[in-house]
Amino acid sequence: MKSSVYDHKKIEEKWLKIFSSKLPSPLDGEGTPVNTGEGEARDKLYLLFAFPYPSGSGLHVGHVESKTALDILARYYRMNGKDVFFPVGWDAFGLPAENYAIKTGIHPAETTKNAINTFKRQIKRIGISYDWEREIAASHPGYYKWTQWLFLQLHKKGLAYQAMGSVNWCPSCQTVLANEQVVDGHCERCDTEVIQKEMKQWYFKITDYAEVLMSGLEQVDWPKPTVQQQLSWIGKKTGININYQVLGLKNDGEKEIITCFTTRPDTNFGATFIVLGPEHKLVSKILDQVQNDKKTEISKYIEIARNKKEIERLAEGKKKTGIFTGLYCDHPETGKKLPLFISDFVLGNVGTGAVVGVPGHDVRDFEFAQFANRELGEKVEIIRVVVASDGDKSPITRVEQVQEEEGTMVNSGFLDGLDIHEATQKIMDYYEKEGYGDRVVNYKLRDWLISRQRYWGAPIPIVYDPEGKAHPVKEEHLPWKLPDDVDFKPTGESPLRSSKELQERTEKLYGKGWTPEYDTMDTFVCSSWYYLRFTDPRNEKEFASKENLQKWMPVDFYMIGPEHIVLHLLYSRFFTKFLREEGYLDFDEPFLKMRHQGMILGPNGKKMSKSKGNVISPDDIVEKFGADTLRIYEMFMGPIEADKPWSTSAVAGIYRFLGRIHNLTISTSKSEILNSKIGLQRKLHQTIKKVSQDIPKLKFNTAIATMMEFVNVWEKASKDAVETRNGVSQNTLFVTSIRDFIKLLAPFAPFLAEELNFIVEARLITSVRDKNAVSIHDQDWPKWDEKLAQEEEITIPVQVNGKLRDQLVVETRHSVSQDEILQKAKKLPKIQKWLEGKKIIKEIYVPGKIINFVVK
RNA sequence: GCCGAAGUGGCGGAACUGGUAGACGCGCACGGCUUAGAACCGUGUGGAGCAAUCCAUGGAGGUUCGAGUCCUCUCUUCGGCACCA
């Protein structure tokens, strides 16, 4: 058996050449549209991997994991006769390339192109069977033309709009950020502290879609926590806006009104004050009408509050600050005078920016009431209006007593005795009837801010007339090209301002004095519709033809990192719903089934990072052990969704496994028939069954374990076979069956499987050879025979009082009655020992599974 | 604080709707082959005990003939959200 060695390099290089020559021509080539359009119903399967950003550092082992997982599915389903759609493309716009350009002066287009080429080489090397003919790149004008078109469609419908507002600004990236890109007050990309800035920016009105974005989640097969997270990001809250009249403040003779949003109107009899956020629009009116010394006091507080950074506010913890305005509001029901404060614990962009204080039943309100009583010298009452199940009715004087749970109403007039939920409905009905307020639904979701003051992105297709009014770029002028003559250096202004070409182009097309929009779009705009473009990547007339969309969409399976849950997935779903409304799509949700791959950690169990020096390079592993070993190892590490640490010694184990298969195939194929006392054929059918069932469930680790078991049996059998060369029995394995095993291996180890297929084919006589199929990857997936997979005998554990005491071996050929089995079990010597002198009070037999005697 | 996920040998992990806990791999130990090593092959490997047996799935209870799996409480770790009214 020592005759040959598994030479991964030779094998993989040989087949890589042959695979590559079969691959369609790649990237920039203006390949012809792949519209085969036969129209008949096919069994299509769209497999999608998250739009990858081609970073300069190349492929890492994490990419290998998720790409391999999808590739296994692709190859498996192809062998099962499905029409598999498995495209690839690049999220090629983005900050890293631009930041690199600022540092080195090398144009982002160039670095991006190089990075893409590196990725492609690496991906091909590990044998991912993408459909390269459909390759796309977001930075290609043929692509971003349609990103811009999409902007124009949204603009037409008023869903792309420009507004002034306080925005998140990253001083290091010199750009604004979407809410979703601010993590703990820091820039998601560079971790610099984000500041607030007033700017005129472009927004997409995603909030119009809040409801459908929620309801759509009911029809997708996504991990539950992901659905949950999206829901909480959208953050739907139902409640009521209650109007309070401000006493002594006039608005053209009318009473001035403050509207407060609350989800707990049931506690409204406990309301004893009102607080405005410093950003509230009424603040300036108050300043106009109060006396001078009060005025300076208030302006001073607001000045401080506004200049406070997000971080400072958080760092202060829950410590309350604020100021009394000297004004009071009127409680519509209790008639109490509610003192009006201004405090920065009330956020301008939440609810109505004003809050009614119920200090007995909200910790923040309680803290503020204490602060007001102690430091502002303004008396604020704390009233209990809810009693919890513990029956505690005592006055609320300490923060631990603040009661936010369920309970029964007290001190609340007509609500007394009601459960809080009943009370909530009753008082909302009442307030609405009396005109004190209106039921409302609020969302945490904000509109999507898409302007970026950066260069390397799709230009926003807008031009301004000499008066400064915005006009959409005409569709015939798309793609509205990104100019080349720009200065990358960040100045706080958009780099496109420095382009002469863009300015000239605008004036030439639209007239003297016209100016272009200088901002580019957030790259998330580009990456939120790419899966549609894949269906028709070279179409110059539409973003994708209806036929092609119909043929391939929606995506059947999406593999994407858990980091994209709120951003990319929400935006993509928004676009899909918009395009559906516009009649371009006929489905609701773009991604039917989705799973997240886990992270591959360094050997020390920590996240891989260059600074920690625990980065494993896939190139090194491929060099040393081959792509097949790398693929199988990563699939064998554990469940695909779990985070798993790397182990280099375990990789060597996989290499041994493949080497064994290689050597066994070579020696077995010499003798056509393999006899053995061991049930090799049975094992094969069991293996086919298990692997076929595991792959669709993404349980690649156990599928591989099963194949390993088979190889262990096969190895034993091949040794055995030397002694029992003659006689054909049930335990005979034909060489054709070995090919069945190679087929199982093919999705996991495409190179080795092809080589082994080649070896086996060459040794087979023509009559057995499958004439149509040359490549193992074009052959049909093997079928298992339930009868052949069946064990000859089964072992049934026998328990006494739930403890395992012995085992009963039963032949499966003839059926035995339950009584017989129990009698046999009782006669087992070990069992007799345990039954001796005891009384059997219960006998349990779960067919084929277990026997249990309960004794006393 | 709120929401969510996960805790199983020395390690990665198996265990379908409750039915032999530890499949498979790594590591380790002993043996073979070798001048030696590497590689490879064989055997063993949860813990305690000579053994019968007992103890073991983060911890404490419970349901059940039977619990890693179901229920209650609790601890730890990791993700997400967070002064959201």
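Tutor: Gladly! Keep in mind that this is a predicted model. Let us begin with helix H21, residues 680-694.

Student: What makes H21 mostly covered?

Tutor: Eleven of its 15 residues are buried. Among them are Leu680, Leu684, Ile688 and Val691. Arg682, Lys683 and Asp694 are buried in H21 as well.

Student: Why is leucine 698 called buried?

Tutor: The word buried applies under 20% relative accessible area. Leucine 698 has a relative accessible area of 8%, so it is buried.

Student: Where else is there a positive phi in a residue that is not a glycine?

Tutor: Asparagine 411 has one, of about 50°. You will find asparagine 411 in the loop between strand E17 (408-409) and helix H12 (420-434).

Student: What about strand E12, residues 273-276: what makes both of its faces covered?

Tutor: Phe273 and Val275 lie on one side, Ile274 and Leu276 on the other, and all of them are buried. In a regular strand, side chains alternate between the two faces of the sheet.

Student: How do you know that E12 pairs with strand E15, residues 354-357?

Tutor: Pairing needs at least two bridges. E12 and E15 have four, in the antiparallel sense, so they count as a pair. Phenylalanine 273 has glycine 357 of E15 as its bridge partner.

Student: And what joins E12 to strand E14, residues 337-342?

Tutor: Three bridges do, and these two strands run parallel. Opposite leucine 276 stands isoleucine 342 in E14.

Student: Which residues are joined by cis peptide bonds?

Tutor: One such bond joins leucine 478 and proline 479, with omega about -5°. Proline 479 is in the loop between strand E22 (470-472) and helix H13 (500-510). Another joins methionine 553 and proline 554, where omega is also about -5°. Proline 554 falls in the loop between helix H16 (546-552) and strand E25 (555-559).

Technical notes: Residues are numbered from 1 along each chain as its sequence is written. Chains are lettered from A and ligands numbered from 1 in the order in which they are written. This is a predicted model: local features need pLDDT of at least 70, side-chain atom pairs count only at pLDDT 80 or more; totals for chains, interfaces and linings use all residues. Side-chain values use heavy atoms; hydrogens and water are left out. The expected span of a helix is 1.5 Å times one less than its number of residues. Buried means under 20% relative accessible area, exposed over 50%, partly exposed in between (1.4 Å probe, protein chains only).
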